Amino acid sequence: MKRYNITVNGTAYDVAVEEIAEGAAPVAAPAPAAPAAPKAAAPKPAAGGAQGGVKITAPMPGTIVEVKAKVGDTVKNGTVIAVLEAMKMENDIVADRDGTIASINVNKGDSVSTGAVIATLNA
């Protein structure tokens, strides 16, 4: 089952979607539940310090399937920081320069939009 955050007319909903095998018999949908409380729009930086001066952003909308770096890690240009799944493909989000991870702004399973800050570096 996959979980998504969907915003309709400014109200955020937490939605669970179950994938079924092709040819499987349809199952009656349960009665609709009350909408989930809206979540904060911006993810909070991970504990451990202030934002760095260099932002590593998402090149496209998708879901974070893995976070490979942590605050305080020293990275080189090209080091994978996170893995973003978009259009059923996994895309490595990499550091664009040498530096130290100042913050990780996403968690595994988070949905991100184009330009969302994944992490920040102190170069």
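Here is a short tour of this model in questions and answers.

Visitor: What kind of model is this, and how are residues numbered?
Guide: This is a predicted model, where local features need pLDDT of at least 70, side-chain atom pairs count only at pLDDT 80 or more, and totals for chains, interfaces and linings use all residues. Side-chain values use heavy atoms, with hydrogens and water left out, and residues are numbered along each chain as its sequence is written, from 1.

Visitor: How many helices and strands are in the chain?
Guide: Helices (H or I, at least four residues) and strands (E, at least two) are DSSP runs, numbered from the N terminus. The chain has zero helices and 10 strands.

Visitor: Which strands form the open sheet that holds β10, and in what order?
Guide: Two strands pair if DSSP finds at least two bridges between them. Here the pairing is antiparallel. Four strands line up as β3-β10-β8-β5.

Visitor: Why is one side of β3 and of β5 left without a neighbour in the sheet?
Guide: β3 (54-57) and β5 (74-75) each have a single partner strand. One side of each is therefore without a neighbour, because both stand at the edges.

Visitor: Which residue stands opposite T100 in β10?
Guide: Strand β8 covers residues 99-104 and β10 covers residues 117-122. Four bridges join these antiparallel strands. Opposite T100 stands N122.

Visitor: Which residue in β9 stands opposite T63?
Guide: Strand β4 spans residues 62-67 and runs antiparallel to β9. Two bridges join them. T63 faces S111.

Visitor: What share of the residues in the chain is buried?
Guide: Buried means under 20% relative accessible area, with a 1.4 Å probe and protein chains only. The chain has 123 residues. The buried share is 24%.

Visitor: What share of contacts between residues at least 6 apart in sequence joins residues at least 24 apart?
Guide: Contact means heavy atoms within 4.5 Å. Leaving out residues up to four places away in sequence, I81 touches I56 and A119, among others. For the chain, the share is 56%.

Note on methods. Buried means under 20% relative accessible area, exposed over 50%, partly exposed in between (1.4 Å probe, protein chains only).
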